[in-house]
Amino acid sequence: MIRQQVNQNGLLTPMRTADSPMRICNFQISLETTNAPEFIDITDQVLDSIAESGVTMGNVLVYSKHTTAAIKINEMEPLLLEDMARTLEHIAPRDADYRHNDFTVRTVNMNEDECPNGHSHCSHLMLGTSETIPIIDGELQLGQYQSVFMIELDHPRDREVLISVIGA
Amino acid sequence: MIRQQVNQNGLLTPMRTADSPMRICNFQISLETTNAPEFIDITDQVLDSIAESGVTMGNVLVYSKHTTAAIKINEMEPLLLEDMARTLEHIAPRDADYRHNDFTVRTVNMNEDECPNGHSHCSHLMLGTSETIPIIDGELQLGQYQSVFMIELDHPRDREVLISVIGA
Amino acid sequence: MIRQQVNQNGLLTPMRTADSPMRICNFQISLETTNAPEFIDITDQVLDSIAESGVTMGNVLVYSKHTTAAIKINEMEPLLLEDMARTLEHIAPRDADYRHNDFTVRTVNMNEDECPNGHSHCSHLMLGTSETIPIIDGELQLGQYQSVFMIELDHPRDREVLISVIGA
């Protein structure tokens, strides 16, 4: 059953509308991961970015610049993070055979410090690169149990996350 | 083969451009779920929100405030919904062992009415929290077989979905 | 460890801010797929759209109008694409039983050229319909190894992808 918030005309009622000039503010955070998979709660950094931007109505895009580090919203409960790590291992086992890990035949994007990380890319494919969250009346619209995570899927390293706030 | 729409200069041709002042309109819908997993088609509510907003060029963000209820676009075909439920069960079986479900050791976010829902969180991790869809010339750009679903992954309960329309 | 970029006040420093009037430019590309799964790199088309739009600060939404063709960011490495195809087959095997493929009982959305594609929909559910990427100082913020793919999950056919650029 869907209960819409309705006005007297039987239509959806806008909760809030902003018509003032819009702005875009971009922030970057650097993270140093220490484990894999590792779930790093970056909710505070997202909140700080919104406060700093001055945007009170709009949305925020949280974006990973990596193909083996994902952005996801879920619950910050330590035991659950272990469950999610096990689900990822189930979907793309670290020790399975990946052609990407066969450095004897691979020719593309080979670096000096190349590590076998086929499983990291395949997990990332299922997770994703970004999340977008509404901002209403200056409040980031995370639900009670929602936190924003950067998830390290590869071996520990330096990572960059962009936070882009758009709105009025 | 990629066939771009090209103009006389050999570049991509914009289909439409809007330069007028932008606005943001936010809507909320409340849903009462009755099953799990349950796929609830909320396409009509998204369409109503866009009509109400007056935005004819922009995009709409459909956002779940929950870590065990997802937003996804797929086809509204009843038998397919059964297939998708089975795929979710395959990825994160309801009866598998989840540390999140061990209430004898867990200390974080424990509520009176806590239910074992580790599988719901792990499914949600693979699905996602939101979808963003373009609006062009007043038309939501859903393809012929695309519907917007809120997917209940946990036990039936009340849910909140935000619909945020941005554009001109 | 999270290292924020901080200013003298100890707050996050905006990398860039744009306050000028915003615009929205929409582009469409048509693709003819030849295999399944097939990963088609559409990064150049996204870059062309941004250049054509004139937007230097904002973001771009890349959107598939299909329920069996996904948009995903990952690494363009041919052997890895084979690994990702195998992961998809693991999650939603092509030859498993899908009720959506039982044309003797199915009544909804049946077409003359209906093919059994339950696996395509179930893979799509795990992948997704769109990606959103920040644009800063005229540069699409893809990381070194990030490419944008349209992924054909069903049998080869014509596909439409929308590219919507918003910003200043």
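**Symmetry of the chains**

Copies are superposed by least squares on the C-alpha atoms of residues with pLDDT of at least 70 in both. In this predicted model, a rotation of 120° with 0.0 Å of shift along its axis brings chain A onto chain B, with an RMSD of 0.0 Å. That is the relation of a three-fold axis. Within chain A, the residue that comes closest to the rotation axis is A:Met126, at 3.3 Å by its C-alpha.

**Conventions**

The model is predicted, and local features need pLDDT of at least 70, side-chain atom pairs count only at pLDDT 80 or more, and totals for chains, interfaces and linings use all residues. Residues are numbered from 1 along each chain as its sequence is written, chains are lettered from A and ligands numbered from 1 in the order in which they are written, and side-chain values use heavy atoms, with hydrogens and water left out.

**Interface of chain A and chain B**

Contact (heavy atoms within 4.5 Å) links 52 residues of chain A with 48 residues of chain B. Only 10% of the interface residues of chain A are also interface residues in chain B, so the copies meet through different surfaces. The buried area, which is the accessible area (1.4 Å probe) that two parts lose on being put together, summed over both, is about 4500 Å² between chain A and chain B, and carbon and sulfur atoms give 56% of it.

There are 2 salt bridges between chain A and chain B, a salt bridge being a side-chain nitrogen of Lys or Arg within 4 Å of a carboxyl oxygen of Asp or Glu. A:Glu82 forms a salt bridge with B:Arg99, with the closest N and O atoms 2.9 Å apart. Polar contacts (a pair of N or O atoms within 3.5 Å; within protein, one must be able to donate a hydrogen and the other to accept it, and residues adjacent in sequence count only if both atoms are side-chain atoms) join 14 residue pairs across this interface, both at pLDDT 80 or more. Among the elements of chain A that each supply at least two residues to the side touching chain B are strand S5 (58-64), helix H2 (78-91) and helix H3 (118-127); helices (H or I, at least four residues) and strands (E, at least two) are DSSP runs, numbered from the N terminus. H2(A) gives the most to this side, with 11 residues.

**Helix H3 of chain A**

H3(A) is mostly covered, as 10 of its 10 residues are buried, where buried means under 20% relative accessible area, exposed over 50% and partly exposed in between (1.4 Å probe, protein chains only). The buried residues of H3(A) include A:His119, A:His121, A:Cys122 and A:His124. A:Met126 is also one of them. After H3(A) comes A:Gly128, whose phi is positive, near 135°.

**Interface of chain B and chain C**

Between chain B and chain C, 52 residues of chain B are in contact with 48 residues of chain C. These two chains bury about 4500 Å² between them, 56% of it on carbon and sulfur atoms. The interface of chain B and chain C has 2 salt bridges. B:Glu77 and C:Arg106 meet through their side chains in a salt bridge of 3.8 Å, N to O.

**The setting of C:Asn117**

C:Asn117 lies in the loop between helix H2 (78-91) and helix H3 (118-127) of chain C. With 7% relative accessibility, C:Asn117 counts as buried. Its side chain is joined to that of C:His100 by a polar contact of 3.2 Å. Not counting residues up to four places away in sequence, C:Asn117 touches C:Thr68, C:His100, C:Asn101 and C:Asp154.
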